[in-house]
Amino acid sequence: MPRAVGVIDTLPLLRAHFGKGRDDGLSMAALGRYFGYGEEEHRALADSWMTHAVLRNAAVVLWLEEHRAEEMERLSGHAKSAPTAGGVAAAVTSEQGKACGAGT
């Protein structure tokens, strides 16, 4: 039987980055809706899948927030810096628009 070598408490991390100003709290159901996974089914396998998917998406968002300027520059090959207002979604949309020639 495998033995756990440690525990990672994800609640403080999720609360710090996704819990501010949320009217619906920081439940798994709220995070599932936020990331587009619908509602919890309260079945062990489905809920463990949702937990994994939510944590995976949260990790991606946190990584993008930390590295977006470097990644946008790498992806575009010529950008000096990523947009600072609007977060990751605005930066990605802005860079995609430039790449497609939108707004020219």
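The model is predicted, so local features need pLDDT of at least 70 and side-chain atom pairs count only at pLDDT 80 or more, while totals for chains, interfaces and linings use all residues. Residues are numbered from 1 along each chain as its sequence is written, and side-chain values use heavy atoms, with hydrogens and water left out.

Begin by selecting F18 and Y34. Rings of Phe, Tyr and Trp (its six-membered ring) pair if their centres lie within 6.5 Å; planes under 30 degrees apart are stacked, those over 60 edge-to-face, and the rest tilted. By this rule there are four aromatic pairs. The centres of F18 and Y34 are 6.0 Å apart and the planes stand at 65 degrees, so this pair is edge-to-face. Because F18 belongs to helix α1 (residues 11-18) and Y34 to helix α2 (residues 28-34), the pair ties together parts 16 residues apart in sequence. Helices here are DSSP runs (H or I, at least four residues), numbered from the N terminus.

Now display the surface. Buried means under 20% relative accessible area, exposed over 50%, and partly exposed in between (1.4 Å probe, protein chains only). F18 is buried at 7%, as is F35 at 18%, whereas Y34 is partly exposed at 48%.

Finally, select R68 in helix α3 (residues 44-76). R68 is buried, at 18%. Its side chain meets that of E65 in a polar contact of 3.1 Å. Such a contact is a pair of N or O atoms within 3.5 Å; within protein, one must be able to donate a hydrogen and the other to accept it, and residues adjacent in sequence count only if both atoms are side-chain atoms.

Conventions. Helices (H or I, at least four residues) and strands (E, at least two) are DSSP runs, numbered from the N terminus.
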